[in-house]
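Thanks for coming. I will take a few minutes to go through one model, so please have a look at it first.

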Amino acid sequence: MDAASLVTNILNGLITGAILGAVASGLTLIWGVMKVVNLAHGHLAVLGAFLAVILYKYTIGLNPLLAPFAVFIIGVVIGAIFYYTSLHIIVGKAETMTLKVEMNSLLSTFGFGIAIYGLLSYAIGRGWIAQYEGFTGWALKVGGKTYTTILGTNIIYAKLYAVAIAVLLIVAVEMFLRKTIWGLTIRAVAQDSRAVALTGYNPVTVKLVTTLLSTAMALMGGALYAIFVGSGINPDLEHVLAPLSFVIVVLGGLGSVLGTFIGGLIIGVTNGIVYALTGETAIGLATSFVILILLLLWKPTGLFGR
Amino acid sequence: MSESYMLVVEELESGYGETQVLFGVNLKVRKGQITALLGSNGAGKTTTLWTITGVIPAWRGRVVFKGDDVTRLPPHVKTRMGMILVPEGRRLWPQLTVQEHLEIAGSIPRSKNRKDELLEIVYQLFPRLKERRDQKAGTLSGGEQQMLAIARGIMMSPELLMFDEPSLGLAPKLVQDIAKTIAQLRDEHGLTVLLVEQNIHMSLQIADYGYIMENGRIVLEGPVHELEENPMVKKAYLGL
Ligand SMILES: Nc1ncnc2c1ncn2[C@@H]1O[C@H](COP(=O)(O)OP(=O)(O)OP(=O)(O)O)[C@@H](O)[C@H]1O
Ligand SMILES: [Mg+2]
């Protein structure tokens, strides 16, 4: 293997990693703050990817560049449905996550995920939407070209755009959590929810807002993934996005959005390097788990965890 | 007559699961005074405060705050009415900074418009907190953490400020400082205080009126100078 192809694979790894980090970042919020191991997360991301395609292809012909933002807004609405159908009666009032609450939330989020999967499969079965599609016929062009060359590697502009929006999402959410009163109460609820109630904020409302944000981020991550891959969107993508999201969140440190993004980059780059060395994608995926285990041996709380 | 009381608790009963802890607690907190609720380990003092604030539900009885029956209101609503608890064990948010604690507390509607003024009061009372404002609460010393817990309470513009064992785990010198601060809040800022303590010496120094609790019941009450002379208090609590 030559140096040039290593550079190419590292660059591609960084891009993939940024997108995966964005996909996973919503999970770190709901898991870190509400202690809900959200088994619907991967399905929510896939739904976001489909929505981006549906907005572009089957409805209003929305420019894919705007898809992430539109999907984020739809994600807030879906987040409300998710919260009131699957979380409110289980975790809304719970002050601490007992084993029973945790088991119930596992089941209810799993159920919500299955519902999304079923709904998408049904829509595909009825021929309303097609799978393995994407933004065919569309390309982001700058100066008549669809790609640019960085360090001798050709990189598609659409992918660069997706990365830029991913970074924007992470920065915006970090600022929200650090600088706004909502963000501060979200972080406070994660640390002591009873003390938040005694400081005049309704923890139930804070949990609702956390779910809205987490869900909208999952869907927006999916939309970014759709721009990144361009085609091949199908319900089974969940089987890749969900496990990778869990690995990345634990790697980055539960509850840390920035950590999740960096965790995504690490997974992306390792996969790139392993691919450059072996020519196998599957081995890259396995390596992710090896990295996770090694990191947890060294720092059990993840990179940015406490 | 009832206007002179900030808080009236009547026949309060509550507990955890099946276990009853409070058996008809009656107490009144007079405006502008420090009222002490005293008792040894497991007497039910903390349970009384959790029930007053609504963190755990009252099984029976009433909580009347500023003349209104607030028994069934949730804690965040009572807080917004000015009933503030500085809880046992501080219950800070370890990963948030001093300033972030004060920001959260100072942003509730009743405080928002006078946040700067409140900050000034807090930093005047505890100059240490100003030096440490960018430090995470989890890295503060025990005394500083207690200061921050009290400061967070003050930022919420309390009308009734309730303390659950503020002296717990502090060195004698710091206990004196905290006692002085609580007396200062009454004398200079006109606050009404319900002080829950095991440290009877410290409480009798600054309180106006006191209740003694045993096994979930009030067994004795009276003005502090009377309690100090009471033979049972002398024997059981003051070690005389
Ligand atoms: N979460 C709980 N679940 C069950 N029982 C509890 C719980 N908290 C307290 N108790 C019980 O209620 C009784 C009163 O406890 P409480 O904490 O109110 O006492 P306290 O007077 O505050 O004591 P201390 O001075 O040690 O803080 C004790 O017997 C205790 O074991
Ligand atoms: Mg107690």
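First, the ground rules. This is a predicted model, in which local features need pLDDT of at least 70, side-chain atom pairs count only at pLDDT 80 or more, and totals for chains, interfaces and linings use all residues. Residues are numbered from 1 along each chain as its sequence is written, chains are lettered from A and ligands numbered from 1 in the order in which they are written, and side-chain values use heavy atoms, with hydrogens and water left out.

Now ligand 1. Around it are 13 residues, and those that come nearest are Lys45(B), Thr46(B), Thr47(B), Glu88(B) and Glu165(B); near means a heavy atom within 4 Å. By class, this shell has 7 polar, 3 nonpolar and 3 charged residues. Gly counts as polar here, and the charged class is Asp, Glu, Lys and Arg; nonpolar covers Ala, Val, Leu, Ile, Met, Phe, Trp, Tyr, Cys and Pro, and the others are polar. Helix H1 of chain B, residues 45-53, gives the most to the shell, with 3 residues. Helices (H or I, at least four residues) and strands (E, at least two) are DSSP runs, numbered from the N terminus.

Next, the metal. Which protein atoms are donors to the magnesium ion, ligand 2? They are OG1 of Thr46(B) and OE of Glu88(B), lying 1.8 to 2.4 Å from the ion. Donors are N, O and S atoms within 2.8 Å of the metal, or 3.2 Å for Na, K and Ca; water is not among the atoms, so sites may look incomplete. Thr46(B) lies in helix H1 and Glu88(B) in the loop between strand E6 (83-86) and helix H3 (98-106), so the pair ties together parts of chain B that are 42 residues apart in sequence. Thr46(B) is buried, at 16% relative accessible area, and Glu88(B) is partly exposed, at 30%. Buried means under 20%, exposed over 50%, and partly exposed in between, with a 1.4 Å probe and protein chains only.

The loop between E6 and H3 of chain B also holds Arg90(B). Arg90(B) has a positive phi of about 70 degrees although it is not a glycine, and it is buried, at 11%.

Last, chain A. Leu151(A), in the loop between E1 and E2, has a positive phi too, near 50 degrees. Leu151(A) is exposed, at 66%.
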